[in-house]
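Please look over the model below before reading on.

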Amino acid sequence: MRLTTRTNLAARILMACADNPGRLLKTAEVANLCNCSINHTAHVVQRLQAEGYVSTIRGRAGGFALARHPEEVSIGGVFRVFEGDIPFAECFDEKTNTCPLHTACRLRRYIERALDAFYHELDLVTLHDLVQGNCGLSALLSLKPEMPDDCRP
Ligand code: SF4
């Protein structure tokens, strides 16, 4: 099992936003922080905006920022958005399925249960949980010269 790059990138972008509160982030600087192409980052930001996770302001002075409080951003919810349109196994999409076993396969039910457990764990995690007091992450993602108050020595 492996997350798609866009899901992982969505999480990185949201953490970058949460670690830079009160600041509009540029796609290029976040791409640099997240070690990803500007193009790929822009696509994910666009999707995050469409789903209401970030708000954007156009123009030279523009950028994007979190549109919700970090406590209100469920990581499970983010993962569902970005992984939800990709069938985990071929038979999960009845329209395109070609697996000949689907009428008698027991494996599918176990995979469904495993996925439910996977998402259940991530539903319990918020963006706040990932960034609050995480001084190591702040050192990597914060664009301000100073560290958050709770990370100062
Ligand atoms: S083997 Fe079972 S779980 Fe896998 S694609 Fe076929 S029907 Fe689905």
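Which residue is the bridge partner of Thr56 in β2? The bridge partner of Thr56 in β2 is Phe64. The model is a predicted one, in which local features need pLDDT of at least 70, side-chain atom pairs count only at pLDDT 80 or more, and totals for chains, interfaces and linings use all residues. Residues are numbered from 1 along each chain as its sequence is written.

Strand β1 covers residues 54-57 and strand β2 residues 63-66, and the two pair in the antiparallel sense over four bridges. Strands count as paired if DSSP finds at least two bridges between them. Another of these pairs joins Ile57 to Gly63 of β2. Five residues lie between the strands of this hairpin, and Gly59 takes a positive phi near 105 degrees there.

The protein chain has seven helices and two strands in its secondary structure. Both kinds of element are DSSP runs numbered from the N terminus, helices being H or I with at least four residues and strands E with at least two. From the N terminus on, the order is α-α-α-β-β-α-α-α-α. Taken along the principal axes, the C-alpha atoms of the protein chain fill a box of roughly 60 × 35 × 25 Å.

Helix packing can be followed from α1. Two packed helices are described by the angle between their axes and the distance between the axes. Axes here are lines fitted to C-alpha atoms, for helices over the stretch in contact, and angles run from 0 to 180 degrees between N-to-C directions.

Helix α1 (residues 5-18) and helix α2 (residues 27-34) pack at an angle of about 115 degrees, with their axes 10 Å apart. That makes α1 roughly perpendicular to α2; angles under 35 degrees count as roughly parallel, over 145 as roughly antiparallel, 65 to 115 as roughly perpendicular and the rest as oblique. Leu9, Arg12, Ile13 and Ala16 of α1 make the contact with Val30, Leu33 and Cys34 of α2, where contact requires C-beta atoms, placed from the backbone, to lie within 7 Å. By class, this contact has six nonpolar, no polar and one charged residues. Ala, Val, Leu, Ile, Met, Phe, Trp, Tyr, Cys and Pro count as nonpolar, Asp, Glu, Lys and Arg as charged, and the others, Gly among them, as polar.

With helix α3 (residues 38-50), the axis of α1 comes within 10 Å and crosses at roughly 75 degrees. The two helices α1 and α3 are therefore roughly perpendicular to each other. Arg6, Leu9, Ala10 and Ile13 of α1 and His40, Thr41, Val44, Val45 and Leu48 of α3 form the contact. Its residues comprise six nonpolar, two polar and one charged.

Helix α4 (residues 75-83) has an axis that comes within 9 Å of that of α1, crossing at roughly 140 degrees. Helices α1 and α4 are therefore oblique to each other. From α1, Arg6, Thr7, Ala10, Ala11 and Leu14 meet Ile75, Val78, Phe79, Phe82 and Glu83 of α4. This contact divides into seven nonpolar, one polar and two charged residues.

The ligand remains. Around the ligand are Ala89, Glu90, Cys91, Cys99, Leu101, His102, Cys105, Leu107, Arg108 and Ile111, a residue being near a molecule if its C-beta atom, placed from the backbone, lies within 6 Å of it. Seven residues of this shell are nonpolar, one is polar and two are charged.

Key:
Contact = placed C-beta atoms within 7 Å.
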